[in-house]
Amino acid sequence: AVAINDVDNTITASVDAATVTTTGALSLSATSDAGLDTLAVGGAVSGTFAGAGSVSLNDIANTVEASITGGATVDADSMSLAATDTSTIEALAGGVAGAGSVAIGAGVATNEIDNTVKALVEGSTLTATGALTISATSETTISSTTVGGAVSGTFSGAGSVSLNDIANTVEAKISSAAFVDADSTIVAASDTSTIEAFAGGI
């Protein structure tokens, strides 16, 4: 059994090369909540030889961006730019084999999250009588279980492989070409990614 899953989205909230004037608040929010739930299982039974396996390949590579760019001019009471990603992968891969003589069972899973999350002000002029908040947040999670099982009268082999990787880029910034006049300014980037993995052979 083979399962191949891929998510590759671009989510953008932006003001680009425009003039925006408001007596209230300006809020730009780009949010991704991508999720992959996969199950790949292989099974085989034979009187002599049985081999069973499964492979689960999962990848999320989103771009999430909230931005003011391109020489934009923005005048507002307060401003908020927020880019948030909470992608998750939950994967189960297994192979179970039973035979009178030889049985081999294996499970393989590769899971990768490689997102770009950005909140930025670049080459623009911002004037706020209140607060300016620029935040980029990543809370990605991989949960992976791989199991291989085999039962036979003579020889049995079982194994599993779980390869998991999170390599996000999380960035909040005001570039050198920007001009900002605000009562207060907060620029914050955070990442709280987690990997929970179990690989076993029975």
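Start by selecting Ala17: this residue is exposed, with a relative accessible area of 57% (buried is under 20%, exposed over 50%, partly exposed in between, using a 1.4 Å probe and protein chains only). Ala17 sits in the loop between strand 2 and strand 3 (strands are DSSP runs of E with at least two residues, numbered from the N terminus). Check its backbone too: phi is near 55°, a positive value in a residue other than glycine. Most residues other than glycine have a negative phi.

A quick word on what you have loaded: it's a predicted model, where local features need pLDDT of at least 70, side-chain atom pairs count only at pLDDT 80 or more, and totals for chains, interfaces and linings use all residues. Residues are numbered from 1 along each chain as its sequence is written, and side-chain values use heavy atoms, with hydrogens and water left out.

Next, select strand 8, residues 73-76.

Strand 3 (residues 19-21) runs parallel to strand 8 and is joined to it by three bridges (strands pair if DSSP finds at least two bridges between them). Look for Thr19 opposite Thr73 here. Strand 13 (residues 125-138) also runs parallel to strand 8, with four bridges joining the two, and there Asp75 stands opposite Thr127.

Time to look inside. Pick Ile68, Val74, Met79, Leu81 and Leu126: of the 24 residues in the largest nonpolar core, these touch the most other members (such a core is a set of buried Ala, Val, Leu, Ile, Met, Phe, Trp, Tyr and Cys residues joined through side-chain atoms within 4.5 Å). Several strands each supply at least two residues of this core, among them strand 2 (10-16), strand 4 (25-32), strand 7 (63-69) and strand 9 (78-85). Strand 13 gives the largest share, five residues.

Zoom in on Leu126. Skipping neighbours within four places in sequence, Leu126 is in contact with Ile68, Val74, Met79, Val121, Leu132, Phe179, Val180 and Asp181 (contact means heavy atoms within 4.5 Å). Apart from this core lies another, of eight residues, including Ala34, Leu36, Ile89 and Ile142.

Then jump to Ser101, in the loop between strand 10 (88-99) and strand 11 (102-113). Ser101 counts as partly exposed at 27% relative accessibility. What is Ser101 in contact with, leaving aside its neighbours within four places in sequence? Gly47, Thr48, Ser152, Gly153, Thr154 and Phe155.

For a charged stop, show Glu171 and Lys173. They form a salt bridge, with the closest N and O atoms 3.8 Å apart (the rule asks for a side-chain nitrogen of Lys or Arg within 4 Å of a carboxyl oxygen of Asp or Glu). By this rule the count is one. Both ends are partly exposed: Glu171 at 27% and Lys173 at 30%.

Areas come from the Shrake-Rupley method with a 1.4 Å probe; for residues, only the protein chains shown count as cover.) Leu57 is in strand 6 (residues 49-60) and is partly exposed at 32%.
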